[in-house]
Amino acid sequence: MSLTQIFIFAALGLLAGRFYKVFSRNWLLFVASALAVFWLQPASPVRNLFFILPAVSLGLAAVVWALTVPADYALNKQDASAAGSLAGLVLLLSASRYFDPVCCLTASRPPQMEITLLVVAVLAVFGFLVYRLGRGRAAFLNFGILLIIAILIVLKSPSLAEWAGRGIRGLSGQDASLASSIDIGWLGFSYIAFRLIHVLRDRLAGRLPQVSLRDFVTYIVFFPALTAGPIERIERFAPQLQSEFHLDGNRLLGAGRRLVVGLFMKFVLADGLAFFALNPTNAQQVDSTGWMWVLLVAYAFRIFFDFAGYTHIAIGLGLLFGILLPENFDRPYTKPNITAFWNSWHITLAQWFRSYYFNPLTRGLRTGNMPPWLIVMLAQLSTMALIGLWHGITWNFLVWGLWHGVGLFVHNQWLQLTKSRSAFAAVPSQVSTLLTFGYVSLGWVWFALPEPDNAMRVLRTLFGVGA
Amino acid sequence: MKDEIVTQLNQYITTQILKRTDKTLNPNEPLISGGLIDSFSLVDLALFAEQTWGARIDDTELNAQTFDSLNQLAELIEVRKAN
């Protein structure tokens, strides 16, 4: 989100807060979120993709809703209105191409009406078929999870993304040889996908609360959390839509405070640090150990202020509309060990992986005869490798994940060792905080630099080896 | 009944997880957010509750939002046990 977009969302919250007696907050959030999916989507070099991807995001949310409703569910008027509104909004946005004064909410001029009609029709038929044939059926729910994971893998893997880009360029009659891995920049899909998997998995476990189509779509594409999370859970989000909300002075103050802190963190601190934070270019220009540490520490704080600032902004915007989103950070760099760091860094992503990967895996392994240390190692390394790969299926993110997996494993074993032997004096907390920060910072080298040679050179310089 | 569950949980956590037989936990002490119990021990705790009382705690519930103290966990076990 740009500064302008944040201010417009905040202004909408302030203005709408005065009129909830006249119109429904839930319909406002639904329409605003659906429009924001198009508004926030950046332009794409592939024709019409900037319009089709947001339409598919909304379509996917509606299809997954149809898949997860109870088998005896009867569609009601509100669901029909929500489905109709979704189709209507997409068509209306497409029609704006013909009206220059109101064109365009989207990054470029929307596609011709017949293309939009085709996209809407395909999604509607797909949703109807899923509702009639597959709702609540385990095979369909599992297939849905696999399909979303497959799309994520294609988008996150540079070679597969380029291959998909070639295919889509071919379909749209463009030169396939110009395809690149960033052709399909699907805004917010990493977060949308994880919310969808969460609801599909909870439906399989019989734990999904019943939510209307309108509120379900709002949950999946809620505009404050669309681009960078946090990953809220539906059972926490949906009830907040049911409770009455008035934007009073206290709430306004709370939201304003979060927005000011967030804007300062992101646009002043993070953007200021970006001038000298580690990046592939300056990594090759610096030869001194001291300066390399300065770049690395600047990067560590830059990535924190950027992401934590964004979370403050998302929470602040949410509060303006009466939705309390979960926290994603809890002073991570002050934690005395790597386990505590991961309980306070990107909390909602770590919690998602615990719920849907780490806990089921550990539960399964614990019931076998495997030695505990091996279970800990397998679970920690594989979970952190997956968290790394979620950022992108490239070697550097994998190494970053494994670096943290090793840290978590070593810390766990250290605790096992010191727990039963009181002779091991506890390390003073300032020292352990500094060590943890150092370990996390060294991990950022892999995160910041995609080229292995560059990363190794930086690590050697940091330790004064062969610089 | 709840007190009995708290006592058994207390004994299990101090002897099997914390390995501190000399320690007794306060029933309202934050176990997860306080850093006393890590993610592995949480899974062990869920398996212990399942084996001892037949109370299933889902993988998505092993976090401080669902329960953070012995009292809260005992309440959850009581409800699940009844079902």
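## Residue A:A164

A:A164 is a residue of helix α7 (residues 158-171) of chain A; helices here are DSSP runs of H or I of at least four residues, numbered from the N terminus. A:A164 counts as partly exposed because it has 18 C-beta neighbours inside 10 Å. The classes are buried for 20 or more other C-beta atoms within 10 Å of a residue's own, exposed for 12 or fewer, and partly exposed in between, with C-beta atoms placed from the backbone.

Leaving aside residues up to four places away in sequence, A:A164 touches A:V154 and A:I184. Contact means that the C-beta atoms of two residues, placed from the backbone, lie within 7 Å. A:S2 is 162 residues from A:A164 along the chain, and their C-alpha atoms are separated by 28 Å.

## Model and numbering

This is a predicted model, in which local features need pLDDT of at least 70 and side-chain atom pairs count only at pLDDT 80 or more, while totals for chains, interfaces and linings use all residues. Residues are numbered from 1 along each chain as its sequence is written, and chains are lettered from A and ligands numbered from 1 in the order in which they are written.

## Helix α2 of chain A

The 16 residues of α2(A) reach 21 Å from first C-alpha to last, close to the 22 Å expected at 1.5 Å a residue; the expected span is 1.5 Å times one less than the number of residues. Among the buried residues of α2(A) are A:N26, A:L29, A:F30, A:S33 and A:W39. The buried residues of this helix pack against α1 (3-16), α3 (49-68), α4, α9 (213-221) and α10 (234-242) of chain A.

Helix α2 (residues 25-40) and helix α4 (residues 77-95) of chain A pack at an angle of about 40°, with their axes 11 Å apart. Axes are lines fitted to C-alpha atoms, for helices over the stretch in contact, and angles run from 0 to 180 degrees between N-to-C directions. The crossing of α2(A) and α4(A) is right-handed, that is, the near helix is turned clockwise from the far one by less than a right angle, anticlockwise being left-handed. On α2(A) the contact uses A:F30, A:V31, A:A34, A:L35 and A:F38, which meet A:A82, A:S85, A:L86, A:L89 and A:L93 of α4(A). These residues divide into nine nonpolar, one polar and no charged, where Ala, Val, Leu, Ile, Met, Phe, Trp, Tyr, Cys and Pro count as nonpolar, Asp, Glu, Lys and Arg as charged, and the others, Gly among them, as polar.

## Helix α16 of chain A

The end C-alpha atoms of α16(A) (residues 372-390) are 27 Å apart, which agrees with the 27 Å that its 19 residues should span at 1.5 Å a residue. Buried in α16(A) are A:V376, A:A379, A:Q380, A:T383, A:M384, A:I387 and A:G388. They lie on the same side of α16(A), because they cover an arc of only 155° around the axis; the arc is that of the directions from the helix axis to the C-beta atoms. Their cover includes α15 and α17 of chain A and α2 (39-53) of chain B. After α16(A) comes A:G392, with a positive phi near 160°.

## Contact between chains A and B

In chain A, 18 residues are in contact with 14 residues of chain B. α14 (338-342), α15 (347-366) and α17 (395-419) of chain A each supply at least two residues of that side of chain A, and α15(A) gives the most, with nine residues.

α15(A) and α2(B) pack at an angle of about 65°, with their axes 10 Å apart. The crossing is right-handed. Among the residues in contact are A:R354, A:F358 and A:R366 of α15(A) and B:F40, B:D44 and B:L47 of α2(B).
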